[in-house]
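Visitor: I would like to learn how to read a protein model. Could we go through it one feature at a time?

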Amino acid sequence: MSLLSRVSRRLAQLRAAGQLLVASRPRPGPSGPTRTRSSAYGPPASLGAHGPRARTSAGVGAWGAAAVGRRPGVRTWAPLAMAAKVDLSTSTDWKEAKSFLKGLSDKQREEHYFCRDFIRLKKIPTWKETAKGVAAKVEEPKFKKDKQLNEKISLFRGDITKLEVDAIVNAANSSLLGGGGVDGCIHRAAGPLLTDECRTLQHCDTGKAKITSGYRLPAKYVIHTVGPIAHGEPSANQAEELRSCYLSSLDLLLEHRLRSVAFPCISTGVFGYPNEAAAEVVLAALREWLEQHKDKVDRLIICVFLEKDENIYRQLLPHYFPVDLSRPAGPRSQL
């Protein structure tokens, strides 16, 4: 066999195995100017510096690594960013993990959740739906009826860490490094990368809020806010600080163009704020905020864990978000 025949045969074998990188060839376009055709054996011309002339020390194009491990004869070119998959359960680089998560679709994020029994937003009923079975008629509500607002607010009793929403709010302490109650639950569910990112935020003042990635949580982001510590009857200043926790969190929601958020009961645990007094502050703040920004969000969720808090909100919600409980008149009797 001649040398030329042996070389031609070897080139054919390499092409069949997908190991030969062939430069794209220019060809004339329909209007005359030369354009570049993406070769079946190479990446698009738009890769520029990573094109066929950019070789590594091993003699393979810098984009050639994307072809490693593919089946013989199948030529697909994936972006290099997709080649490195991050394992959130073992990663120690929060910046890398955060960047990785931002590039995933909602469906792709699911495989990184800490739980499988997560709860989608559409499974959480709105107050308009819930009120039909639990709300009592209020003669003189604090606000007028607004059906659209009643579809923007929800009362949910359960585990806030399992909610698949844009953001959940963490009732944090000023260090932002985790603690007891809902704070500890959120940090444990999200994993150590959350604490690593929080450490870079240094601290948070009472009534303020800061935002991080959600990491292994079904929620994309965590908004951390620090509520006031109340001893006995809360002062007017403490009530304003509690209100600020919710409004500061909602400011971050708008800033990051998020449309759904779940709030826990802030300051009512070991911080000592009376549960019913806190609920009054919360509902007034959410109602007034929604009246100004209702078109910018899909849902604000009040997420409670204790039956006591659920009962308090069921009693108070009709005062701030009144509903029409009247039933349509039935057909008149012909008798």
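Visitor: Which residues of α10 are buried?

Guide: Buried means under 20% relative accessible area, exposed means over 50%, and partly exposed lies in between (1.4 Å probe, protein chains only). In α10 the buried residues are Asp309, Glu310, Ile312, Tyr313, Leu316, Leu317, Pro318 and Tyr320. Helices (H or I, at least four residues) and strands (E, at least two) are DSSP runs, numbered from the N terminus.

Visitor: What kind of model is this, and how are residues numbered?

Guide: This is a predicted model, in which local features need pLDDT of at least 70 and side-chain atom pairs count only at pLDDT 80 or more, while totals for chains, interfaces and linings use all residues. Residues are numbered from 1 along each chain as its sequence is written, and side-chain values use heavy atoms, with hydrogens and water left out.

Visitor: What is the average pLDDT of the protein?

Guide: pLDDT is the predictor's confidence in each residue, from 0 to 100. The protein averages 82, and 72% of the residues score at least 70. Over residues 19-26 the pLDDT is below 50, and this stretch has 24 contacts in the model beyond near neighbours in sequence. Residues 30-83 also have a pLDDT below 50, with 68 contacts beyond near neighbours in sequence. Contact means heavy atoms within 4.5 Å.

Visitor: How many helices and strands does the protein have?

Guide: The secondary structure comes to 10 helices and 10 strands. Of the 335 residues, 41% count as buried.

Visitor: Back to α10. What does the helix pack against?

Guide: Its buried residues pack against α4 (127-134), β4, α9 (275-293) and β10.

Visitor: How far does α10 reach from its first C-alpha to its last?

Guide: The expected span of a helix is 1.5 Å times one less than its number of residues. Helix α10 (residues 307-320) has 14 residues and reaches 20 Å, close to the 20 Å expected.

Visitor: Where does α10 bend?

Guide: The bend at a residue is the angle between axes fitted to the seven residues ending there and the seven starting there. In α10 the bend is about 25° at Arg314, and a proline, Pro318, follows within four residues.

Visitor: Do β4 and β10 run parallel or antiparallel?

Guide: Two strands pair if DSSP finds at least two bridges between them. Here 5 bridges join β4 to β10 (residues 299-304), and the two run parallel. Leu155 stands opposite Ile302 in β10. Strand β4 (residues 153-157) is mostly covered, with 4 of its 5 residues buried.

Visitor: What do the buried residues of α8 pack against?

Guide: They pack against β6, β7, β8, β9, α9 and β10. One of these buried residues is Ser249, which has a relative accessible area of 1%. Ser249 touches Val169, Ala209, Ile223, Thr225 and Phe263, not counting residues up to four places away in sequence.

Visitor: Which side chain makes a polar contact with the side chain of Asn170?

Guide: A polar contact is a pair of N or O atoms within 3.5 Å; within protein, one must be able to donate a hydrogen and the other to accept it, and residues adjacent in sequence count only if both atoms are side-chain atoms. The partner of Asn170 is the side chain of Asp183, at 2.8 Å. Asn170 is in strand β6 (residues 167-172), and its relative accessibility is 0%, so Asn170 counts as buried.

Visitor: What polar contact does the side chain of Thr212 make?

Guide: The side chain of Thr212 makes one with the side chain of His224, at 2.9 Å. Thr212 is in strand β7 (residues 209-213) and counts as buried at 1% relative accessibility.

Visitor: What is the phi of Tyr215?

Guide: Most residues other than glycine have a negative phi. Tyr215 has a positive phi of about 55° although it is not a glycine. Tyr215 lies in the loop between β7 and β8 (221-226), and is buried at a relative accessible area of 1%. Ser267 also has a positive phi, near 75°, and lies in the loop between β9 (260-263) and α9.
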